[in-house]
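Colleague: Could you take me through this model, beginning with the pocket and then turning to the sheet?

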Amino acid sequence: MKAPLFVGTYRLGVWNVRLYVSRAPMDSGASFRYCPGDGGCAKLVVGGVGRIWSDVLSGLLHEALESQLHQRGAGHVRTHEARETTCDYVFFLSHN
C-alpha cells in the first residue's frame, strides 16, 4: 500500500496540522488524528483516489470543522475513555 502524499503543515485554529492525500481508497472521505503514532502534530488525511474534487473538499472541510469543535470544547464524549478520534463524540452548536 502506498503511503499518503504529504501536502504540507498548516495552521488550523491554535494547532498545526499536517495535511496528507491518501493514494489508496479510503472507507471515509477523510480522517483526523489528534495524537498520531509518530509523535508529530495532528494529522489530517483526505481521500483522493477515484474521488471528484467536491468530495475531497467536503471531506477536508468536515474534518477541519469537527476538529475545531473538539478543540473549542463543543463536543461531549459518550464514554469515559480517551479517544484518538471524535467517532464517539456528539457536538453541540449554537447559532452564535
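**Pocket and sheet**

Modeller: β3 (30-33) and β4 (42-47) each supply at least two residues of the lining of the largest pocket, strands being DSSP E runs of at least two residues, numbered from the N terminus. This is a predicted model, in which local features need pLDDT of at least 70 and side-chain atom pairs pLDDT 80 or more, while totals for chains, interfaces and linings use all residues. Residues are numbered from 1 along each chain, and side-chain values use heavy atoms, without hydrogens and water.

Colleague: Which strands are the edge strands of the open sheet of four strands?

Modeller: The open sheet runs in the order β1-β2-β4-β3 with mixed pairing, where two strands pair if DSSP finds at least two bridges between them. Strand β2 (residues 15-22) pairs with β4 in the parallel sense over six bridges. Those that pair on one side only, and are therefore the edge strands, are β1 (5-12) and β3.

Colleague: In β4, what is the bridge partner of L19?

Modeller: β2 and β4 are parallel partners, and strands of a sheet in general pair through backbone hydrogen bonds. Within β4, the residue bridged to L19 is L44.

Colleague: Is V46 buried or exposed, and at what relative accessibility?

Modeller: V46 lies in strand β4 and touches, among others beyond four places in sequence, L19, M26 and L60, contact meaning heavy atoms within 4.5 Å. Buried means under 20% relative accessible area, exposed over 50% and partly exposed in between, with a 1.4 Å probe and protein chains only. V46 therefore counts as buried, its relative accessibility being 3%.
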